[in-house]
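This report goes through one protein model, from its overall make-up to a few particular places in the chain.

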Amino acid sequence: MTTEVGTPVQSTGGSKRVTIGDVARSAGVSTSAVSKVLNNSYGVSPAMRERVRTAMAELDYRPHAAARGMRGRTYTIGVLLASIRNAFYADLLDGVNAVLRDTEYALFLGSSGSSEKSEKEEQTRLIHAMVDRRMDGLILIAPAVRRAEVVRIAAEVPTVVIGHHDPSPAYDCVVNQDGTGVDLVIDHLVGLGHRDIAHLSHPTVRGTQWEQRPEHHVRAAYQAAMVRHGLADLARIVHSGYSDEGGYRGARELLTSARPPTAIFAGADVAATGVYRAAAELGLRIPEDLSLAGYNNTSVAALAPVSLTSVDQAGALMGETAARLLLERVDGRRDRAVVTASTPHLVARGSTGAARGGPLRLPRP
């Protein structure tokens with residue numbers, strides 16, 4: 001049986017389901033006012049919102065999701081991420097949740113796992129599943145799905161892309177000023193006297209048509225920074241992946257080479273954790289024998305045993321921005337694409353120290 005919102009139905013326990021009309025009578029407002037609160041619409045005073053929410057809590061009111069979906073919305077938001085093991089994604093989700101917490105929207109996650117070979121196919125399947133379930137909007141975190149497919153879907157379902165710098169009239173972009181963040185890291189390491197600074201990056205998923213993924217920007221900025229400091233001949237990039245295992249493999253390759261670096265810049269904190277493991281196996285101390293910097297400034301970086309120098313991307317703020325932009329699209333308050341960029345800052349901790357031979361003086365800008 002299909003029931004419209006506002007029509008009482010019998011629950012399994014025999015009691016009537018609370019309706020929007022019951023909430024309106026309890027709060028002393030109109031049913032349209034309750035609808036505005038449920039839809040998080042503009043024009044609702046804080047006092048009215050509080051009265052309605054109090055009545056909903058007292059009556060244990062829950063909107064009928066299936067009926068609401070038939071009326072045009074499901075009040076669900078889908079979030080796609082590459083892996084649940086990257087702590088930075090948790091920061092992004094915290095920000096998304098902070099915005100959605102006081103709305104009627106429910107958040108559903110899809111993770112493609114850690115298999116780089118099947119990442120594109122798994123993510124495409126997950127996005128199609130979200131669309132088939134009529135989710136009202138999508139937040140895609142650094143998607144490996146073909147860009148043309150994202151543009152096609154975004155033309156039908158409001159979509160925000162986090163991380164990629166490829167703009168489109170079809171979707172909104174939330175990015176970080178990655179070039180600035182990398183400059184902060186390299187300037188910091190050079191200022192400590194390091195010259196042989198290697199970079200651990202993520203291999204690019206081929207055939208996705210994304211030309212400005214975050215790792216592309218970070219790699220280009222790293223090479224430019226090394227050139228700016230006169231260190232182009234010492235620049236090295238290992239495409240080992242943004243994972244603990246990727247960081248471990250990349251660090252082993254670098255640290256057992258004929259010319260081991262004195263500093264490693266990992267493109268993600270999760271990869272930096274693997275560097276710690278490789279260094280320990282090789283009997284190297286951080287930062288005495290090897291300086292290490294990450295990117296994202298996740299909660300793991302701040303742990304006392306880790307104390308990782310890292311670039312803070314303001315992950316929670318990026319998540320909040322993505323959620324707000326998406327709700328604007330879903331509610332029809334905006335139909336023009338927006339690109340927003342957060343400003344990073346460096347958080348220096350105990351994993352970076354002076355290179356053997358002492359610090360160098362940075363050239364004045």
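A residue counts as buried when its relative accessible area is under 20%. The model described here is predicted. At 6% relative accessibility, N296 therefore counts as buried. N296 lies in strand β9, and its phi is positive, about 125°, although N296 is not a glycine.

Y75 also has a positive phi without being a glycine, in this case about 55°. Y75 is found in the loop between α4 (65-70) and β1 (76-81). With a relative accessible area of 9%, Y75 is buried.

| Residue | Phi |
|---|---|
| Y75 | about 55° |
| N296 | about 125° |

For the protein as a whole, there are 12 helices and 12 strands. Of the 365 residues, 50% are buried. The accessible surface comes to about 16,900 Å², and carbon and sulfur atoms account for 52% of that surface. Among contacts between residues at least 6 apart in sequence, 70% join residues at least 24 apart.

Two cavities of 30 Å³ or more are found. The second largest cavity holds about 30 Å³ of space. Its lining consists of four nonpolar, three polar and three charged residues. Among the lining residues of the second largest cavity are H194, T262, E288, R356 and P287.

P287 has a further feature: a cis peptide bond joins I286 and P287, with omega about 10°. P287 sits in the loop between α11 (269-281) and β9 (291-296).

Note on methods: Residues are numbered from 1 along each chain as its sequence is written. This is a predicted model: local features need pLDDT of at least 70, side-chain atom pairs count only at pLDDT 80 or more; totals for chains, interfaces and linings use all residues. Side-chain values use heavy atoms; hydrogens and water are left out. Helices (H or I, at least four residues) and strands (E, at least two) are DSSP runs, numbered from the N terminus. Buried means under 20% relative accessible area, exposed over 50%, partly exposed in between (1.4 Å probe, protein chains only). Contact means heavy atoms within 4.5 Å. Accessible areas come from the Shrake-Rupley method with a 1.4 Å probe; for residues, only the protein chains shown count as cover. On a 1 Å grid over the protein atoms alone, a cavity is a set of points where a 1.4 Å probe fits but cannot get out, and a pocket is an open set with protein on both sides within 12 Å along at least five of seven lines; lining residues have an atom within 4 Å of a point. Grid points are joined across faces, edges and corners, and a volume is the space filled by probe spheres set on the points. Ala, Val, Leu, Ile, Met, Phe, Trp, Tyr, Cys and Pro count as nonpolar, Asp, Glu, Lys and Arg as charged, and the others, Gly among them, as polar.
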